[in-house]
Amino acid sequence: MTKLHDIYRSLEYGPSIENHQAALDWLDRHDGSFGHFINGQFTDCHDEVIEVLNPASHEILATTSCGQRGDVNEAVEAAQMAFDSWSSKAPSIRARYLYALTRNLQKHSRLFAVLETLNSGKPLRESRDIDIPLAIRHFYFHAGASQIANEIIGNRIAIGVCGQIIPWNFPLLMLAWKIAPAIAMGNTVVLKPAEYTPLTALLFADLCRDVCLPPGVVNIVTGRGETGAFLVEHPAVNKIAFTGSTEVGRDIRRKTAGTGKFLTLELGGKSPYIVFDDADLDSAIEGLCDGIWLNQGQVCCAGSRLLVQESVAETFHRKLRTRMNKLRVGNPLDKCVDVGAIIHPVQLQRMTDMVNSHLGEGQNIYRVEANLPKKGCYYPPTLVTGLSPSSTLMQEEIFGPILVSTTFRTLREAVELANNTRYGLAASVWSENINLALDIAPKLECGVVWINGTNMFDAAAEFGGKRESGFGREGGWGGLAEYTQPMPKSQSKGKLSKDMTFQSPKTTAQAKLAQLPIDRTFKHYINGKQVRPDSGLSIEIRNSQGQLMGHVGKGNRKDIRNAVEAARHAYPNWRAQSGHSRAQILYFIAENLSAQSANFVSLAGDTRPSQRQKEDIDAEIQSSCDTLFTYAAWADKFDGRIHAVPFRGLAMAINEPMGVAGAVVSSNSGLGEFIAVFAPLIAMGNTCVLSVSGQHSLSVLELCKILATSDVPDGVINVVSGLEDELALELASHNDVDSIWHFGDPNLTEKIETLSAGNLKRTWILSDSHSMDSDRRRHLSCHDYLSHACEIKNIWVPYGD
Amino acid sequence: MTKASPKRSWHTQHQAKRDSRLARSPIPFDGKIIENIAVNRSATDRRVANLRGGRSLKNDWKTAFLLRAVTLIDLTTLSGDDTEERVRRLATKARHPVRQDILDDLGVENLGICTAAVCVYHEMVNASIEALEGSGIPTAAVSTGFPAGLSDFQLRLREISTSLAAGAKEIDVVISRRHVLTGQWQSLYNEVCEFRARCGHGAHLKTILATGELGNLRNVAKASWTCMMAGADFIKTSTGKETQNATLADALTMLRCIRDFSQLTGLKVGFKPAGGISTARDALAYMILVKEELGHEWLSPSLFRFGASSLLADIERQLEHCATGRYSARHHHPLV
């Protein structure tokens with residue numbers, strides 16, 4: 001009986017191993033040892049080396065250098081040197097370099113794929129069909145973005161030197177996500193690949209040399225976590241873009257706090273995978289295979305939390321177990337393998353311990369009956385059912401091929417369960433009912449929703465999270481914005497658009513003695529009511545000549561708590577309002593404010609103002625009304641777009657409110673500025689808690705009375721008066737505040753950013769002494785305010801019948 | 001298997017299994033199942049696309065799968081210009097589908113490779129049966145007003161009886177697409193039940209859905225279920241005469257229905273993609289799909305057939321490549 005007879009009868013699959021000689025040859029050409037890639041050249045290999053393993057065999061593929069502080073300094077210096085020339089090149093010239101990189105990636109695509117698989121353990125099918133083509137697509141897209149940069153980003157300019165730290169799960173793809181937009185927009189970069197998977201980045205460095213990319217534009221420093229930390233700490237790095245664990249992300253947030261560095265974080269997730277009873281169950285199961293078993297589940301946006309409608313749960317789990325047995329685990333170079341090797345023994349141990357120590361009673365674990373290879377790091381695809389939402393396995397990111405599952409009864413419950421997590425990266429929804437699917441998509445707290453699909457990515461569509469999954473977007477127009485900044489007025493050559501509305505009054509009205517006819521009481525404004533401060537204490541408000549104007553409440557931790565609670569409570573209804581309704585309320589505020597402008601004259605500093613002062617105040621009020629009108633106009637117009645992704649389907653990028661926004665307004669700023677802060681926030685559907693301090697508190701609290709009569713729902717705007725530092729820090733440390741704008745005391749910046757690391761709230765810092773230029777706020781456009789008031793969510797809706 | 005074992009033993013074994021299995025009776029119509037069917041087109045397409053890159057057959061494995069593919073072919077001629085002589089040539093090819101020297105080179109001459117059946121119009125049944133005599137290869141007749149299925153219903157029923165009387169062992173019927181397009185599932189069920197009854201227990205009933213004319217995959221799934229409930233032994237994609245032939249997405253949809261039906265009733269229904277499958281590569285794609293969705297148990301003539309005419313020629317060329325390591329030319333293989 002021959003082998004052929006056997007196969008003829010059994011019809012089993014045989015090995016189909018990809019040839020990897022070309023990759024080994026490339027390693028040989030570098031003698032299997034690598035320095036860093038700095039200023040267009042490879043440095044000599046270090047004394048302190050890192051052995052790079054093939055996780056499928058535990059063989060050593062190469063040794064790389066462990067970047068020290070000196071190496072990072074050298075690389076940053078090279079990037080700094082290159083910046084002026086690179087950023088001032090015509091965009092179309094940069095486009096040509098990007099195009100050349102793209103083409104060369106494409107020419108060597110199989111080499112990249114095989115090397116990626118050797119180094120990361122991911123199945124060749126994935127590196128060949130997903131990672132590398134997507135990386136190429138990113139370079140193509142950004143070559144185009146560079147070509148038309150002037151048209152698409154308008155008056156924005158490059159940021160400077162970008163420090164980029166990427167993980168081991170998609171080594172080349174993450175490199176592409178980071179480097180392509182950065183250099184397309186004129187930045188120069190220092191990239192640190194993951195300790196375990198530096199090889200494709202080093203191969204990419206070869207390409208940079210091949211296409212004669214100017215030295216210093218792309219620098220690659222290999223190393224461990226500490227190498228990344230050197231980069232984060234380096235004062236000449238203007239932006240940090242990090243993809244990795246939430247813990248490290250939090251640490252980076254703290255370390256960069258107050259430094260003025262731009263920051264984007266793409267962190268962990270525990271993304272829900274929601275299956276409704278009217279879904280195509282077989283397709284949903286295939287989706288899971290592409291979701292949780294892609295790259296052995298080591299994917300930040302993996303659909304790792306299965307939520308199935310109770311009525312179909314049993315059927316679904318049964319079908320799923322059957323399907324799981326068809327998954328082939330083994331040598332990643334085998335083209336018939338679905339699940340490859342876990343990246344490193346450390347990770348394997350971590351996930352093994354996690355599952356073993358948290359499996360409880362009533363929980364059911366199902367592992368694929370696969371013969372795992374004896375050598376190498378493997379973990380069988382696993383399903384854990386019978387979990388309750390509070391189980392550790394349901395809450396914590398496992399980052400492995402382990403799916404956890406629970407059931408739900410109604411759409412409402414599905415939303416609750418889905419959002420019951422610290423994370424907010426992605427979600428999959430399976431239902432044949434488009435009404436249901438498009439209803440639930442906006443309700444899910446995350447940056448990406450896939451309808452009847454999973455793990456769909458494209459360079460044209462933004463990717464990124466909410467909550468503790470990080471902030472900032474990669475890909476699409478949103479991603480380009482993260483690598484640019486508003487152009488300072490001095491450079492704008494008069495091209496600046498006229499819609500930058502905030503104008504402070506020409507002079508601040510100065511007061512003589514204030515003698516108010518009847519004593520007035522200014523309380524906090526919380527949940528639509530005037531409330532006394534919890535502390536029972538008041539602060540004197542004096543004008544610039546030291547004369548007493550009145551008293552405001554001294555807000556404390558509990559006032560902030562109450563205000564945040566009110567804002568949180570108001571949020572669901574407020575965001576559900578149409579832009580049109582929100583616009584009407586903003587118009588109504590303007591109308592009432594205009595009508596009562598006289599009330600503000602006496603509060604601005606002088607009971608007997610001169611005609612000139614009156615005119616100034618009136619001008620400020622009118623300017624504020626104009627601001628309100630502008631954001632009212634935008635409320636139903638700052639909408640999303642449909643991205644042209646290369647799929648049969650729609651990738652709908654929608655601008656979503658962030659949630660509860662905190663804002664700290666400078667104690668020097670007046671009513672106009674206060675309005676310029678809350679108007680864009682509420683226009684986009686956020687609810688807000690604003691802290692006010694200083695002499696203009698009285699005007700602001702007076703405005704609250706207008707809010708109460710202008711149909712602003714209770715809790716949408718909350719104002720707490722008091723000491724700026726105390727209130728700012730309370731807001732920054734509150735874990736139910738999703739975002740914080742700080743326009744106040746620059747000395748608070750560092751603390752605010754550090755405290756924001758607690759729940760990784762988005763921060764927008766525009767305090768007066770900001771590093772880039774001192775009065776940037778003056779020439780911010782509405783667009784800047786509005787885009788900071790939103791997060792982009794991409795909803796992927798494949799179609800076809 | 002040893003060299004000493006009788007020729008065609010594997011094949012005849014399966015043949016015997018199929019013949020001994022009583023053609024089954026309908027089960028009651030369940031409209032609720034039909035109502036709840038959901039098929040997502042884009043996800044189905046994605047599964048098909050993923051599988052194309054996710055399974056690969058090399059060397060002996062490719063050879064073995066291709067040899068098996070030959071045994072799954074309903075070698076078909078359904079043309080207006082068919083003659084007895086052409087059908088005889090076809091039948092000869094069915095007996096000896098692969099050049100003997102290739103089989104010898106591969107060392108599989110004892111596997112008794114022949115096609116699963118010969119499929120013809122009624123008028124050609126006699127010629128086919130005569131030419132196949134002693135081979136154990138059954139003759140299949142297309143029936144019931146093939147390909148449109150719009151002739152008089154009683155005539156269509158009689159057509160089945162006539163072909164059976166002429167000796168056909170398998171009947172490929174077409175369903176009324178209008179029942180599908182107007183949602184008359186009960187009518188479709190009744191129709192197929194009548195076909196089933198006419199076939200009796202003697203012959204195998206393959207129902208052709210004409211997927212290319214059903215509008216969408218949900219209809220493909222609903223028609224599959226209706227035919228299976230009505231007692232079909234096989235569900236078949238296409239007549240080969242529609243403008244849109246069988247696709248892998250249609251196949252995937254039907255295979256999933258077969259799996260669910262088997263889970264529900266314990267009954268195993270066969271699958272026959274037909275029309276436009278002309279390359280070895282296509283054939284392997286279908287086989288991999290079946291293996292992944294249903295398991296290799298389904299890759300036997302009793303549960304899987306290709307309806308094809310030119311497919312065999314391409315497989316033969318590939319087998320020559322497998323045997324000799326050289327790429328083959330079409331004119332190196334005898335014509336049908």
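**Reading a two-chain model, feature by feature**

Modeller: Let us begin with one residue: setting aside neighbours within four places in sequence, A:Leu586 is in contact with A:Leu628, A:Tyr631, A:Ala632, A:Ala635, A:Ala679 and A:Ala683. Please keep in mind that this is a predicted model.

Colleague: Which residues touch the most other members of the largest nonpolar core?

Modeller: They are A:Val449, A:Leu586 and B:Val118, in a core of 366 residues. The greatest contribution to this core comes from helix α8 of chain A, residues 171–184, which gives eleven residues.

Colleague: How should I read the scores of the prediction?

Modeller: One looks at the scores for the model and then at the confidence in each chain. The model has an ipTM of 0.92 and a pTM of 0.89. For chain B, the mean pLDDT is 92, and 93% of the residues reach 70 or more. Residues 1–21 of chain B, however, have a pLDDT below 50; this stretch has 26 contacts in the model beyond near neighbours in sequence.

Colleague: Into which domains is chain A divided?

Modeller: The division gives domain 1 (21–267), domain 2 (272–464) and domain 3 (523–798). Between domain 2 and domain 3 of chain A, the C-alpha centres are 40 Å apart. Their contact involves 14 residues from domain 2 of chain A and 16 residues from domain 3 of chain A. On the domain 2 side, nine of the residues are nonpolar, three polar and two charged.

Colleague: Which strand is joined to β29(A) by five bridges?

Modeller: That strand is β28 of chain A, residues 687–692, and the two run parallel. Within this pairing, A:Cys688 stands opposite A:Ile717 of β29(A).

Colleague: Are the faces of β29(A) covered or uncovered?

Modeller: The general idea comes first: in a regular strand, side chains alternate between the two faces of the sheet. In this case both faces of β29(A) are covered, with A:Ile717, A:Val719 and A:Ser721 buried on one side and A:Asn718 and A:Val720 buried on the other. Strand β29 spans residues 717–721 of chain A, and five of its five residues are buried.

Colleague: Let us turn to loops. Why does A:Ile398 count as buried?

Modeller: The general idea is to count C-beta atoms within 10 Å, with 20 or more making a residue buried and 12 or fewer making it exposed. A:Ile398 is buried because 23 other C-beta atoms lie within 10 Å. A:Ile398 belongs to the loop between α15 (392–395) and β16 (402–408) of chain A. Not counting residues up to four places away in sequence, A:Ile398 touches A:Ser304, A:Met351, A:Met354 and A:Leu393. As for A:Met354, it is 44 residues from A:Ile398 along the chain, yet their C-alpha atoms are separated by 7.3 Å.

Colleague: Is A:Cys212 buried or exposed?

Modeller: A:Cys212 counts as exposed because it has 10 C-beta neighbours inside 10 Å. Consider also A:Leu760, which is not a glycine but has a positive phi of about 50°. A:Leu760 lies in the loop between α26 (749–756) and β31 (762–765) of chain A. With 25 C-beta neighbours inside 10 Å, A:Leu760 counts as buried.

Colleague: Which form does the peptide bond from B:Phe146 to B:Pro147 take, cis or trans?

Modeller: This bond is cis, with omega near 0°. B:Pro147 is in the loop between β3 (139–143) and α8 (153–165) of chain B.

Note on methods: Residues numbered from 1 in each chain as written. Chains lettered and ligands numbered in written order. Predicted model: local features only at pLDDT ≥ 70, side-chain atom pairs only at ≥ 80, totals over all residues. Domains from an automatic or database assignment. Contact = placed C-beta atoms within 7 Å. Nonpolar A, V, L, I, M, F, W, Y, C, P; charged D, E, K, R; others polar. Core = buried A, V, L, I, M, F, W, Y, C linked by C-beta atoms within 7 Å. Helix = DSSP H or I, 4+ residues; strand = E, 2+ residues; numbered from the N terminus. pLDDT = per-residue confidence, 0-100. Pairing = 2+ DSSP bridges.
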